[in-house]
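Biologist: Could you take me through this model, starting with the loops and then moving on to the sheets and helices?

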Amino acid sequence: MGQKIHPEGLRLGYIRDWDSRWFNLRQMPDLLEEDRRIRQYLKRKLEGAAVSKILIERAGKKLRVTIFTARPGIVIGKKGADIDNLRNDIAQMTDRGTPDVSLNVMEIKRPELDAQLVAEGVALQLEKKVGFRRVMKKTMERTMAAGALGIKVRVSGRLGGAEIARVEWMKEGRVPLQTFRADINYGFAEALITMGRIGCKVWIFKKELFKKTREDLMEEVKLVPKEELEELAKAAEAAPPVEEAAVPVAEAAADDDEILPEESA
């Protein structure tokens, strides 16, 4: 099961969310085609901007597109000129007014842990005629050094200019594809070489969710507002000490001893 199903599609509703967030039964075919055209246009336009994922949200006539990229400066351009042009183009594609279209850019701070960007990096090096085994080893070393728990890289096609296509793959660490709580990132890219296409697939196992480490708990403590921490401290000071609360219980026990039948006799 884990080998034949898209790892992110398998986890939708558990630990993953949809890349298209809207619901419209009547216009669903048209809107799905619109999403495809928007993604295809942005991918082609931002080919050198290391775009990993494009999130599309709709609410009424409003359309919000979020671009996840490792190079936000290339997407935004000088004084935001490039992103304004993209917004205008998307508004024309979707027959909406420019005020109804909003374009956001999110930066990917650690591209070594993004499977799509890693797969595109492997494909780019294969196009430059670098040995595929060397590319796979260097890629896995960088990803594991960035903090991943496991990575699997798989390339297929006429590797090294061979006459017969074959599949080669390498793995380091753990990649539990059948574990739903495992946060596995998947990416696919194609390298265009003189011999044809070479497919590159990458699985990256980041962490296991619902299993908080000490570092995760400390991060949650840091996120608590300062005012709430002060209120908790005041409540702890106002609470009575343990010894004072135990005194009435001891007195009640003494009263009970006085009315025991043995002592009255």
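Modeller: Let me begin with Ala50, which sits in the loop between helix H2 (28–45) and strand S2 (51–59). Please keep in mind throughout that this is a predicted model.

Biologist: What is the phi of Ala50 like?

Modeller: Phi of Ala50 is near 55°, a positive value in a residue other than glycine. Most residues other than glycine have a negative phi.

Biologist: And is Ala50 buried or exposed?

Modeller: Ala50 counts as buried, because its relative accessibility is 18% and the cut-off for buried is under 20%.

Biologist: Which loop holds Lys129, and what about its phi?

Modeller: Lys129 lies in the loop between H5 and H6, and its phi is near 65°, again a positive value in a residue other than glycine. With a relative accessible area of 72%, Lys129 is exposed.

Biologist: OK, on to the sheets. What is the strand order in the one that contains S2?

Modeller: That is an open sheet of 4 strands in the order S1-S2-S3-S4, and its pairing is mixed. Strand S1 (20–21) and strand S4 (101–107) stand at the edges with a single partner strand each, so one side of each is left without a neighbour in the sheet.

Biologist: How many bridges join S3 to S4?

Modeller: Strand S3 (residues 62–69) is joined to S4 by 7 bridges, and the two strands run parallel.

Biologist: Switching topic, what is the strand order in the antiparallel sheet?

Modeller: The order there is S6-S5-S8-S7, in an open sheet of 4 strands with antiparallel pairing. S6 and strand S7 (182–193) are the edge strands, each pairing on one side only, and the twist from one strand to the next averages 10°.

Biologist: How many bridges are there between S5 and S8?

Modeller: S5 and S8 pair in the antiparallel sense over 7 bridges, and within S8 it is Trp203 that stands opposite Lys152.

Biologist: What packs on that sheet?

Modeller: H5 packs on the sheet by touching S5, S7 and S8, and its direction makes about 25° with that of S7. H6 lies across S5, S6 and S8, running at about 25° to S6.

Biologist: Now H6. How far does the helix reach?

Modeller: Helix H6 (residues 132–145) has 14 residues and reaches 20 Å from its first C-alpha to its last, which is close to the 20 Å expected at 1.5 Å a residue.

Biologist: Which of its residues are buried?

Modeller: The buried residues of H6 are Phe132, Val135, Met136, Thr139, Met140 and Thr143. They cover an arc of only 125° around the axis, which puts them on the same side of H6, while Arg134 and Ala145 are exposed on the other side.

Biologist: What does the buried side pack against?

Modeller: The buried residues of H6 pack against helix H5 (115–127), strand S5 (150–157), strand S6 (166–173) and strand S8 (196–208).

Biologist: Can we zoom in on Thr143: what is Thr143 in contact with?

Modeller: Leaving aside neighbours within four places in sequence, Thr143 is in contact with Glu112, Leu113, Val118, Ala148, Ile151 and Ile204. Thr143 counts as buried, at 1% relative accessibility.

Biologist: And what comes just after H6?

Modeller: Just after H6, Gly147 takes a positive phi of about 115°.

Key: Residues numbered from 1 in each chain as written. Predicted model: local features only at pLDDT ≥ 70, side-chain atom pairs only at ≥ 80, totals over all residues. Heavy atoms only, no water. Expected span 1.5 Å × (residues − 1). Buried < 20%, exposed > 50% of the residue type's maximum accessible area, 1.4 Å probe, protein only. Arc of directions from axis to C-beta. Contact = heavy atoms within 4.5 Å. Pairing = 2+ DSSP bridges. Axes fitted to C-alpha atoms, helices over the stretch in contact; angles between N-to-C directions.
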